[in-house]
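I opened my notebook to look around one protein model. These are my entries, in the order I looked things up.

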Amino acid sequence: FYLPKFSNLNYSPKMDKGGQLSTGFLKIYTNKFDTDTIFCLDLRNRTFGNLGAISECVNLMYLDLSNNRIKEIGPILNCKKLQFLKLGKNVISQIDALKELPELLFVDLHGNNIKSTKNL
């Protein structure tokens with residue numbers, strides 16, 4: 001019986017080109033078969049610019065995307081069960097869409113270029 005040596009067991013799945021968060025990445029990163037079974041995601045300190053497949057995580061309750069390159073938060077709007085959202089140190093300027101998240105209890109937006117909070 002032969003077991004090969006593995007030189008790198010610290011595997012980190014790659015995102016799609018262009019910094020887009022893909023369904024494949026989410027499934028590998030969380031070790032889940034379906035994205036609707038993902039409840040908590042900590043994706044801080046990466047280079048995501050496009051949230052893409054995050055909209056498939058319909059049961060997500062906690063999301064940390066701090067210190068990325070996110071400009072647009074639209075895909076998060078499909079995560080209606082989201083309660084905790086950390087988006088600090090990104091390049092977000094519009095946050096009006098957050099009012100569409102009925103369960104949201106906590107939001108961290110420090111270090112962004114928010115234009116207005118008037119419509120929240």
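**Entry 1: a surface patch**

I found a nonpolar surface patch of about 300 Å², made by Phe 84, Leu 105 and Phe 106. A patch takes residues with over 30% relative accessible area and no salt bridge; nonpolar side chains (Val, Leu, Ile, Met, Phe, Trp, Tyr) are joined within 5 Å, like charges within 9 Å. Accessible areas come from the Shrake-Rupley method with a 1.4 Å probe, and for residues only the protein chains shown count as cover.

I noted that this is a predicted model, where local features need pLDDT of at least 70, side-chain atom pairs count only at pLDDT 80 or more, and totals for chains, interfaces and linings use all residues. Residues are numbered from 1 along each chain as its sequence is written, and side-chain values use heavy atoms, with hydrogens and water left out.

I then looked up Leu 105, which sits in the loop between S3 and S4. Strands (E, at least two residues) and helices (H or I, at least four) are DSSP runs, numbered from the N terminus. Leu 105 counts as exposed because its relative accessibility is 65%. The cut-offs are under 20% for buried, over 50% for exposed, and partly exposed in between (1.4 Å probe, protein chains only).

**Entry 2: the sheet**

I traced an open sheet of four strands, in the order S1-S2-S3-S4, with parallel pairing. Strand S1 (40–42) and S4 are at the edges with a single partner strand each, so one side of each has no neighbour in the sheet. Neighbouring strands are turned by 5° against each other on average, direction ignored. Axes here are lines fitted to C-alpha atoms (for helices, over the stretch in contact), and angles run from 0 to 180 degrees between N-to-C directions.

S1 pairs with strand S2 (residues 62–64) over three bridges, in the parallel sense. Two strands pair if DSSP finds at least two bridges between them. I picked out Asp 42: its bridge partner in S2 is Asp 64.

**Entry 3: the salt bridge**

How many salt bridges does the structure hold? I found one. Arg 44 forms a salt bridge with Asp 42, and their closest N and O atoms are 3.1 Å apart. The term needs a side-chain nitrogen of Lys or Arg within 4 Å of a carboxyl oxygen of Asp or Glu. Arg 44 is partly exposed at 44%, and Asp 42 is partly exposed at 27%.

**Entry 4: Gly 88**

Is Gly 88 buried or exposed? Gly 88 counts as buried because its relative accessibility is 1%. I placed Gly 88 in the loop between strand S3 (84–86) and strand S4 (106–108).
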